[in-house]
Amino acid sequence: MQETYSIPAKTRIGHVHLKVSDLEQSLEFYCGLLGFELMTTYGKEAAFISAGGYHHHIGLNTWWSKDGNPPSKNNTGLFHTAIVYPSRRELAKIFKRLNQHKYPLTGASDHGVSEALYLNDPDQNGLELYWDRPEESWPLKPDGTLEMYTLPLNLNDLLTELNK
């Protein structure tokens, strides 16, 4: 009989490493628009970026993808990378910044447990920018499990966070 294994509760995702077609274009998006900090580069083919000085949250490279095309939506692969903001106000700030730069969203959803903005990077890698509601406010089903859903996010209401 095989022993049951549970991953430790404090385990976390360390970083995401993306193949990109143009390193400078990706750095302009992730650092210039989204505000990540460039931590280091490996020549002209790879860069490692961070939020808050960590060694890297996202790796970007052109090792096998320089000038490449985005994968087809109907192929397997990464659906999106999710970036968690510490508060609703911080999510509102990045939403305002994206609006000011006329950067298109692919969606905006209220999931009950979180509120999320969806967009694609220049290589069409999906991104989810979101904040988690406090755990005690997460909606529950009658049996006690999470009641997650996808409803449209009220973007005007999100922007009111900037006036508080």
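Predicted model: local features only at pLDDT ≥ 70, side-chain atom pairs only at ≥ 80, totals over all residues.
Student: What makes strands E1 and E4 a pair?

Tutor: Pairing takes at least two bridges. E1 and E4 are joined by 4 bridges and run parallel, so they pair. Lys19 stands opposite Asn61 in E4.

Student: How do you know that strands E3 and E4 pair?

Tutor: The cut-off is again at least two bridges. E3 (residues 46-50) and E4 have 4 bridges, in the antiparallel sense, so the pairing holds. Here Ile49 stands opposite Ile58 in E4.

Student: Which way do the residues of strand E4 (residues 58-61) point, and are they buried or exposed?

Tutor: Ile58 and Leu60 point one way, Gly59 and Asn61 the other. In a regular strand, side chains alternate between the two faces of the sheet. All four E4 residues are buried, which means under 20% relative accessible area.

Student: What lines the largest pocket?

Tutor: That pocket holds about 840 Å³ of space. Its lining has 28 residues; Pro71, Leu78, Gln124, Asn125 and Gly126 are the closest to the centre. Strands E1 (16-19), E7 (114-120) and E8 (126-132) each give two or more residues.

Student: What is the class make-up of the second largest pocket's lining?

Tutor: The lining has 12 nonpolar, 5 polar and 2 charged residues. Phe36, His57, Ala82, Ile83 and Val84 lie nearest the centre. Strand E5 (residues 81-85) gives the largest share, 5 residues. The space is about 460 Å³.

Technical notes. Residues numbered from 1 in each chain as written. Heavy atoms only, no water. 1 Å grid on protein atoms, 1.4 Å probe; cavity = no way out; pocket = protein on both sides within 12 Å on 5 of 7 lines; lining within 4 Å. Points joined across faces, edges and corners; volume = space filled by probe spheres on them. Nonpolar A, V, L, I, M, F, W, Y, C, P; charged D, E, K, R; others polar. Buried < 20%, exposed > 50% of the residue type's maximum accessible area, 1.4 Å probe, protein only.
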